[in-house]
Amino acid sequence: MRGRWRVIEAVRKSDRFGFLFSLPYVIFFLAFVAYPLIFSFVLIFHRWNIVTPMEWIGLKNFERLFHDPLFGKAITNTLTFLLIHIPLQIIIALLLALLLNSKVKMRGLFRAIYFLPVVVSGVAVTILWQQLYSYDYGVLNALLKAIGLPSVPWLVDASWAMPSVAIMATWKNVGIYIVLFLVGLQNIPAELYEAASLDGASRFRQFRHITIPMLNPTVIVVVVLSTIGGFSLFIEPYVLTGGGPMQSTLSGMLYIYNQAFYFGHMGYAATLGFVFALIILAVVLIQRRVIETEPT
Amino acid sequence: MRLFVATCGIILFSISGCSQERPSIGQASDAVELTYWPAPNAQEVQLADSLVRVWNRLHPEVRVRMQPIPVSQSTEEVLLAAIAGNTTPDVCSNIWPGALHDYTRAGGLIPFDRLADFDSIITSRVPRDLLETFRSTDGHYYQLPWKTNPVMMFYNERLFREVGVATPPRTYSEYYEAGGKVTRDIDGDGRIDVWMGERDIRPIWWQRLFDFFPFYIAASGGKTLFKNGEPSFNDADAVDVLGFFRECYGRGLFPRTFFQGGDPFLLEKKATNFSGPWEVAHIQKFAPHIKYGIAPLPVPDGHTGQVYTSGDFKNISIFANTKHPREAWEFVKFLVTAQHDLLLMEICDQVPVRSDLLNNPLFADYFRRKPVMVKFAEQAVYSRAVDSAPDLKEIFDAIAQEYEMCAIYGRKSPEQAVRDATDRAQFIVEWNK
């Protein structure tokens, strides 16, 4: 009781306006972050379909998860997506950022154009790409055919579908990472390049020994954001392929969504989400360990 | 601190002020008010609007407020959310039998058989054997069969005639034979211009309600997926059906692609379409130039007897949340009178579930004006609903995965796919018990 009064006294003495101004965020945090997190954790041990009362089932959701072939498939698919998407994203974003950082004409216009897909609705973009990718009637295959190449089964072949989804996701999100790389590039002190030039370093050596190491913190941010974004892969397979062909684009998020909102297995979906969160944490920690180096 | 308290006070005062402005249901007036949710498509909203206007004119003491089911991915999601949130309507006329189990498990519906004159009303309308298929596992009727949309085969007469197919195919062999002629590259650009058929190739559970499921009912002479609460489709009929679709893809009669730019049947890019009577209005509206015919679904060679199909039934239920069950039941009876069933056909081109459809003089003029609907009325008697079983969507999802693997991509034999789908269905049933 005394402790509680002490806290109240501390609040009273401190800046009251500060507490007042932080109140909306605290309420938001409690309602939309803390409460759902705790509730999801409780759900892990229950069977619940929203409308009937929760039923305690102990660790049965985990038992199911470890015997569920689709869970393994969803993890593999998501990792496959990340393996294609992250390097592609970094390379394209960095190249475009380097171009936009140089003295090209209408730089502002190009920056806006590259950022445009980011602000367009994900569903609209996906429907557009569905038309581009159509095997018999798509624009891409028509172009391939025009130059004498065979049609590609973009979305209707299990080995092509996930790379196709990754290409589309990269196109959609690359604008954000261009901006991040641009900020990183503009923060590199010009003196470093001047000193290197005076020492006779070529443009490539400057890029290799100054730009890349100095961009390391940005690369970490890009990799971590792409990884988290990649694990959230949902709209693209949901609209483009429904998880097919043959579950080759069934992402973790899509599987969780199906379990929760198609089949009403809230407890199992929460368990999947919990395990996914652990996997994301592990992957991000490994990535940081591998990438994080001090610039020399 | 004083400022903090004052701010909280203002917020609380505002909230309480807002809540005081809301009308209280109990205090509003002595008149009973019912809420009715029809399906949100334009025709059914028009029908519901007409019916509710008439009802409100005739029954000023029981006012009905019509509100189309809020648009979402599916009606079932909306209704489950409404049950969870205690915001259900009194009456809904878009109840899919496959979701009924979820609603009843949540205690969301009123059993009709506890209402006084239900038996006389229902037996005068629905054949007894068909009615039995709507009885829930606890022995009660929570749904009043209202309308059915039998899935049949639409075929493009011109495309058939052009290649010398005189009659619509009745069996799988006839379908392959006709398909071999119809499917072709007309302009010689190396791309197929007309396909025999087409289905959405994504493994989406409800897509199987328009291929595997009705074809299984047809092949098996009226069986559905469950028997005594257990999955029972591990049989030769299911193997035949998957084998049929595998052949359609294998022979190149169906495309393994997404069609773009519109409905391929309306664009005359496919010669057959498995659909329900709503397709009639659709064709009339968007492609009235198409000459088409309607036939029962193809069945395995050597099949004898009547060809059954899936009815895609939509029924009426009263929600347990209603404060006025008696008035709600009176409104339901009003919805299903013969005159209003006629209105359902006139406005929506959908088939009411009634046994006197083809011999009641009230409907004769409608069928004379729309002879195409006679086919559906004849088929309606030989229609089956989805089982009122738990976890049906998940089981259809399992079937969709195996269908894709076997029929579309040919990676599994039909026997193996049916076995795997049944095993998966059994696992789902066990898990959810």
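**Exercise 1. Pairing inside the sheet of chain B**

Find the residue of β11(B) that is the bridge partner of B:Cys92.

*Solution.* 
Step 1. Look in β11(B): the bridge partner of B:Cys92 is B:Ser317. This is a predicted model, in which local features need pLDDT of at least 70, side-chain atom pairs count only at pLDDT 80 or more, and totals for chains, interfaces and linings use all residues. Residues are numbered from 1 along each chain as its sequence is written, while chains are lettered from A and ligands numbered from 1 in the order in which they are written.

Step 2. Helices (H or I, at least four residues) and strands (E, at least two) are DSSP runs, numbered from the N terminus. Two strands pair if DSSP finds at least two bridges between them.

Step 3. β3(B) and β11(B) are antiparallel partners, with 3 bridges.

Step 4. Go to the other partner of β3(B). β1(B) and β3(B) run parallel and share 2 bridges. Here B:Trp37 has B:Cys92 of β3(B) as its bridge partner.

Step 5. Strand β4 (residues 144-148) of chain B is antiparallel to strand β11 (residues 314-318) of chain B, over 3 bridges. In that region B:Pro145 faces B:Asn315 of β11(B).

**Exercise 2. The whole sheet**

In what order do the 6 strands of the open sheet of chain B stand?

*Solution.* 
Step 1. Read across the sheet: β2-β1-β3-β11-β4-β12 (chain B), with mixed pairing.

Step 2. Find the edges. β2 (62-66) and β12 (351-352) of chain B each have a single partner strand, so one side of each lacks a neighbour in the sheet.

Step 3. Axes are lines fitted to C-alpha atoms, for helices over the stretch in contact, and angles run from 0 to 180 degrees between N-to-C directions. Helix α13 (residues 325-335) of chain B lies across β1, β2, β3 (91-95), β4 and β11 of chain B, at about 155° to β11(B).

**Exercise 3. Buried elements**

Why is β3(B) largely enclosed by the rest of the structure?

*Solution.* 
Step 1. Apply the cut-offs. A residue is buried if 20 or more other C-beta atoms lie within 10 Å of its own, exposed if 12 or fewer, and partly exposed in between; C-beta atoms are placed from the backbone.

Step 2. Count. In β3(B), 5 of the 5 residues are buried, so the strand is largely enclosed by the rest of the structure.

Step 3. Repeat for helix α13 (residues 252-262) of chain A. There 9 of the 11 residues are buried, so this helix is also largely enclosed by the rest of the structure. Among them are A:Met253, A:Leu254 and A:Tyr262.

Step 4. Name the neighbours. The buried residues of α13(A) pack against α4 (69-101), α11 (216-231), α12 (235-240) and α14 (266-291) of chain A, and against α17 (392-408) of chain B. Just after α13(A), A:Gly264 has a positive phi of about 70°.

**Exercise 4. Where the chains meet**

How many residues of chain B are in contact with chain A?

*Solution.* 
Step 1. Set the rule. Two residues are in contact if their C-beta atoms, placed from the backbone, lie within 7 Å.

Step 2. Count both sides: 30 residues of chain B contact 26 residues of chain A.

Step 3. Find the main supplier. On the side of chain B that touches chain A, α17(B) gives the most, with 5 residues.

Step 4. Sort that side of chain B by class: 15 nonpolar, 4 polar and 11 charged residues. Ala, Val, Leu, Ile, Met, Phe, Trp, Tyr, Cys and Pro count as nonpolar, Asp, Glu, Lys and Arg as charged, and the others, Gly among them, as polar.

**Exercise 5. Domains**

Into which domains is chain A divided?

*Solution.* 
Step 1. Chain A has domain 1 (2-61) and domain 2 (66-291). Such bounds come from an automatic or database domain assignment.

Step 2. The C-alpha centres of these two domains of chain A are 34 Å apart. Contacts link 9 residues of domain 1 of chain A with 8 residues of domain 2 of chain A.

Step 3. Turn to chain B. Its domains are domain 1 (29-142 + 314-352) and domain 2 (152-310 + 387-431). Their centres, taken over C-alpha atoms, are 31 Å apart.
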